[in-house]
Amino acid sequence: MRNQDLILAASKCQVVTRFRNTIGLPGHLSVRLQPNHPTDDLKGIAASMLDGLLYGAGDAVIGINPASDSLPVLAQLNVMLDDIIQRFAIPTQSCILTHVTNTLQLIERGAPVDLVFQSVAGTEAANSGFGINLAMLQEAREAALSLRRGTLGNNVMYFETGQGSCLSANAHHGVDQQTCEARAYAVARHFEPLLVNTVVGFIGPEYLYDGKQIIRAGLEDHFCGKLMGLPIGCDVCYTNHAEADQDDMDTLLTLLCAAGLTFLIGVPGADDIMLNYQSTSFHDALYARRLLGLKHAPEFADWLAKMQIIDPHGALRLTDARHPLLSVLPQGASV
């Protein structure tokens, strides 16, 4: 299939999921607000969160990649995210992107977990390398459902994938990267996730060499995900040693949004200071929405209007130091 075939076919597929808002409606584009910090500093994370919210990001999820696997630190992050969501009545969900076994322990300790995250791959051997199996994912899903934290729906899982994960672990059994990636989508689909995204250029040039290959892989992943009934998003990204640049990411972002992308990633300045790679920014989402007339998740759009962040036409308003979101940097508490 040519690129235009992947774009047109994917644009005909709609997959709608719900937790505290509605994601995947036609003509809508959601954003994962990714406020990572290299030391999991609560004030630094909170500042990035508020930055993103004031740019209208965060309707897919507010999701942190933690630097630490320490359960007390992970619990603090969970509490802080829940605090800001509850304090400002934001119709969105939070997620700490730690290993599923850590999330299970957090749930057992009473942490306010919304979504369970896990990276998944397309072979049993690769998933074993991630330290997971299907029974473990089912246990985590049931644990999250038991909390009954969703207000509109019960899609409680968040998965990330990416071409090359099986090959890099020598767990591909001679099968090509794209087929392995599609098999990962079958794993994800079984658990009725709220969100799935390919981290398309993150694995590096050993597997996707340059901008052209990253663009092609992103379109393939989105097409396969939509065809298999997934709420598929994309981390439009590259590593600093790849033969790619931000112009390539602009191209892929535009093509994916034309194809009906469910959500993208929002990082301050497009530069993730914890994971040390280049992604997309809050400004990139504004560009895509303005160019293609795409809307926020409807419940989130209502909240943005109520908070005077967007105007009745969905355009971003100017804010000043008196805005209520800037009145406090919330602190986490131990669980």
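Which backbone oxygen lies 2.9 Å from a polar atom of the side chain of R20? The backbone oxygen of T92 does.

The model is predicted: local features need pLDDT of at least 70, side-chain atom pairs count only at pLDDT 80 or more, and totals for chains, interfaces and linings use all residues. Residues are numbered from 1 along each chain as its sequence is written, and side-chain values use heavy atoms, leaving out hydrogens and water.

**Stop 1: R20**

Select R20, in the loop between β1 (17–18) and β2 (22–23); strands are DSSP runs of E with at least two residues, and helices are runs of H or I with at least four, numbered from the N terminus. R20 counts as buried because its relative accessibility is 9% (buried means under 20% relative accessible area, with a 1.4 Å probe and protein chains only).

**Stop 2: α9 and α10**

Next, select helix α9 (residues 211–227) and helix α10 (residues 246–258), which pack at about 20° with axes 10 Å apart. Axes are lines fitted to C-alpha atoms over the stretch in contact, and angles run from 0 to 180 degrees between N-to-C directions. The angle therefore makes α9 roughly parallel to α10 (under 35 degrees).

Show G211, I214, I215, G218, L219 and H222 of α9 with D248, M249, T251, L252, L255 and L256 of α10 for the contact.

Definitions and conventions:
Angles under 35 degrees count as roughly parallel, over 145 as roughly antiparallel, 65 to 115 as roughly perpendicular and the rest as oblique. Contact means heavy atoms within 4.5 Å. Buried means under 20% relative accessible area, exposed over 50%, partly exposed in between (1.4 Å probe, protein chains only). A polar contact is a pair of N or O atoms within 3.5 Å; within protein, one must be able to donate a hydrogen and the other to accept it, and residues adjacent in sequence count only if both atoms are side-chain atoms.
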